[in-house]
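Work through the exercises below with the model open. Try each task before reading its solution.

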Amino acid sequence: LALPGEAGKPPLPLMACSSDRSVVMGTYNGKSGLPLKLRAMGNGSMAESVSRCFEPPRGWLDLGKPSDALLELVTHGYRVDACRALVVGDGLATDVVFGNKGRMATLLVLSGITTRAQVDEALACAHALHTPAYILPELGTYAKELAAMARASGA
């Protein structure tokens, strides 16, 4: 991506804000009546496609979860205390891996891209980076649990 008249200068790097292969845009009921997830191409797939348009193909930088670049920014740039942080997300391969790489607690919600079957498989394989500390059906469950705890403690 060197601009015309910029001879001798290094080409601009290709960067992406995530390495996601796909994203969930919503759900719908399929012909079987079961809910299906409607997926779209993710940033990682697009970055890979663009990188292959060059001859020779160029590499690209992942600046999103679970990249080391983002982890460095969060822990050193923003000075987030990893021991006191909770990463909340719906992706085992992005959100949970990011939190675990950074030694942060992780909360996986099952209302997005990850299914319960995928969680069960990760737990059966005992893959530490893909194992969330906490799992909830949806983020609203967390608020309901907090409210119940507050009521129980008399607060």
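**Exercise 1. Decide whether Asp81 is buried, partly exposed or exposed, and place Asp81 in the chain.**

Step 1. The classes rest on relative accessible area with a 1.4 Å probe, protein chains only: buried means under 20%, exposed over 50%, and partly exposed in between.
Step 2. The relative accessible area of Asp81 is 40%, so Asp81 is partly exposed.
Step 3. Asp81 sits in the loop between helix H2 (68-77) and strand S5 (86-89). Helices (H or I, at least four residues) and strands (E, at least two) are DSSP runs, numbered from the N terminus.
Step 4. Asp81 and Tyr28 are 53 residues apart along the chain, and their C-alpha atoms are separated by 40 Å.

A note on the source: this is a predicted model, in which local features need pLDDT of at least 70 and side-chain atom pairs count only at pLDDT 80 or more, while totals for chains, interfaces and linings use all residues. Residues are numbered from 1 along each chain as its sequence is written, and side-chain values use heavy atoms, with hydrogens and water left out.

**Exercise 2. Find the residues with a positive phi that are not glycines, including Arg79 and Arg103, and state their exposure.**

Step 1. Arg79 is not a glycine, yet has a positive phi of about 55°. Arg79 belongs to the loop between H2 and S5.
Step 2. The relative accessibility of Arg79 is 72%, so Arg79 counts as exposed.
Step 3. Arg103, also not a glycine, has a positive phi of about 60°. Its loop runs between helix H3 (92-101) and S6.
Step 4. Arg103 counts as exposed because its relative accessibility is 72%.

**Exercise 3. Describe the pairing of strands S2 and S3.**

Step 1. Two strands pair if DSSP finds at least two bridges between them.
Step 2. Strand S2 (residues 22-29) and strand S3 (residues 35-41) are joined by seven bridges and run antiparallel.
Step 3. Gly26 has Leu38 in S3 as its bridge partner.
Step 4. The hairpin of S2 and S3 has five residues between the strands, and Gly33 in this hairpin takes a positive phi near 90°.

**Exercise 4. Which residues form the covered face of S5, and which the uncovered one?**

Step 1. In a regular strand the side chains alternate between the two faces of the sheet.
Step 2. Val87 and Gly89 make up the covered face of S5, while Leu86 and Val88 make up the uncovered one.
Step 3. S5 pairs with strand S6 (residues 105-109) in the parallel sense, over four bridges.
Step 4. Opposite Gly89 stands Leu108 in S6.

**Exercise 5. Describe the surroundings of Ser111.**

Step 1. Ser111 lies in the loop between S6 and helix H4 (116-125).
Step 2. With a relative accessible area of 51%, Ser111 is exposed.
Step 3. Contact means heavy atoms within 4.5 Å. Leaving aside neighbours within four places in sequence, Ser111 is in contact with Pro137 and Glu138.
Step 4. Ser111 and Asp90 are 21 residues apart in sequence, and their C-alpha atoms are 6.9 Å apart in space.
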